[in-house]
Amino acid sequence: MESLRVSLAAVDWAIVVIYFVFVIGIGFVLRKYMKSSEDFLESGRSLPSWITGLAFLSANLGALEVMGMAGNGYKYGMLTAHFYWVGAIPAMMFVAIFMMPFYYGSHARSVPEYLKLRFDEKTRGLNAISFAVLTVLMSGINMYAMALVFEVMLGWPFHVSVIASAAVVLAYTYLGGLTSSIYNEVLQFFLIVFGFAPLAIVSVHKAGGWHGIQERLAEVPGMTSIWSSVGSASHNPMGIEIAGLVMGLGFVLSFGYWCTDFLVIQRALAAKDLPAAQRTPLIAAVPKALFPFLVIVPGLAAVALGLALPEKNGAPVYDYTLPLLLKQFYPAGMLGLGLAALLASFMSGMAGNVTAFNTVWTYDIYQAYLKKDASDKALLRMGKMATFWGVLISIAAAYLVKNFDSLMDYMQLLFGFFNAPIFATFLLGMFWKRATGHGAFIGLASGITAGVTHHVLKTQGVIHYSSDMAAAFYGAIVSWSTCFLVTILVSLATRPRPEKELVGLVYSLTERPKQTVAWYLRPTTAAAVVVVVVVGLNIYFF
Amino acid sequence: MGLDIRLPIGLMFCILGPTILITGLIRGEPLSRNTGAAMTVFGAFMLTMGIRGQRRGTGG
């Protein structure tokens, strides 16, 4: 890995230090406004939509997203854009238009709390506990990935990176709560764009522009197109075909994440009113649709330019595509900016997970099970304690993954087991008034069990797929379908809640607010524009 | 929430932008020069908007 080592000039160090000063400074300025648990954990529901929109996107820009997608660009080419144009944008439109009125309008403080209002305590408990555990573990994975990159690029010892990044994230989330995390996510968003956009431009330019990349990669099927090679799994480097792609990624996994994961929904719930909450995913969708040009295309340019990745155990380490490009094309000064952008992506992912964890822990575990009559002061104190412990557990998770690196795959796998079926629970909960609490709980547990069983059968060689990605997509479909069917069957066999208790929680029982704004300012119009742009991109890169 | 986020963003870019711009000019690196210039313009815009927002209390 010596090939990735860079030496920083004084100006690079200065840029990184200035970035740290501003990140902590924001938390420091905001600390005096943290007077109640609502201020600390919900941002006082006071933020404008452009801020929550950029934070909605930025909270998702963790290590695995930015570095992983650049690596996927190197490995799979433009096919990776499916994770954006099929695997994100439609779900973001759906949550904005159909689900946000229920999340925001029900006054639920978290996603598990919506489950409590719609179904019952046990469904909330299952979702809250699994989410809290997996969230801090994901934060630890972010930390681990970051420390590894800085060890390879700068020679920093692993524990220095872990402790330093944890201390900075802890400082600004402990001082300024969710608002500080969201404000920093907005700052980090702009830093990521300015840090990586020049890299995208220069790498594509060196490869002879888009047409130059197409010519250089003409021999490799599916690298520069997104649909023409997915008719059969054997015709593209991902080993996927259209049914698995659309149903597995485009429906189950994508809707499971963008429509139900509290990490992103929390940003929309911090908006000042319902229209702002609805605009949140729509605003996020615009940069999200363009992100392939920032992270995937540079990866593709690296292949076209013939840049060789460092190897581990004889196999290329795709996650090092972005560091390799930074080293290759960035001079002094720009290197500091690129490293600050990398740090920003790692830290926004970490802080997003920690602030989602502290809210779920405080409201859905502490207040729900441990101290039901907790005062607001006690909730604020617990929120801060949860932030501290969340960061400590993340550090422990980072070391755990360092010592047993296969754990990282297991943790992500585990995350998939829980994320896939939960969308079926929400879909039935919001759009079918007959769905019951027993149905939701047993359906969710069955969906998780089906996902685990599918994985075991696959690893034992009973079920075969053309690639691990195809297996993940079909595993998600099995898990979601099981949850959907079992929830329906059990609901039909159990007593539903009276309809009057479900007003504001279920689509058919809730009066839609009258649209008072002009048609061109409505969420549906904005969503239609985004969809047209994304369809256009799909056609261009067909 | 008492602080317009455009203020710190604008201020940070108004420091980072010229730093990178000057480095680019001294070392004759067009990439640093152009990026630094773009960051400076963006920083100045955000700072102006942030000051206005802070006065009016509209920036979050």
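How many of the 37 residues of H15(A) are buried? Hold that thought for a second, everyone.

Quick housekeeping: this is a predicted model, where local features need pLDDT of at least 70 and side-chain atom pairs count only at pLDDT 80 or more, while totals for chains, interfaces and linings use all residues. Residues are numbered from 1 along each chain as its sequence is written, and chains are lettered from A, ligands numbered from 1, in the order in which they are written.

Okay, back to H15(A): 32 of its 37 residues are buried, so this helix is mostly covered. Buried means 20 or more other C-beta atoms, placed from the backbone, within 10 Å of a residue's own; exposed means 12 or fewer, and partly exposed is in between. Helices here are DSSP runs of H or I, at least four residues, numbered from the N terminus. H15(A) covers residues 334-370, and at 1.5 Å a residue it should span 54 Å; the end C-alpha atoms sit 50 Å apart, which agrees. That expected span is 1.5 Å times one less than the number of residues. There's also a kink of about 35° centred on A:Trp361, the bend being the angle between axes fitted to the seven residues ending there and the seven starting there.

Now, two loop residues. A:Ser43 isn't a glycine, but its phi is positive, near 60°. You'll find A:Ser43 between H2 (37-42) and H3 (49-58) of chain A, and it's buried, with 31 other C-beta atoms within 10 Å. A:His107, also not a glycine, has a positive phi of about 60°. This one lies in the loop between H6 (89-105) and H7 (111-118) of chain A, and it counts as exposed, with 12 C-beta neighbours inside 10 Å.
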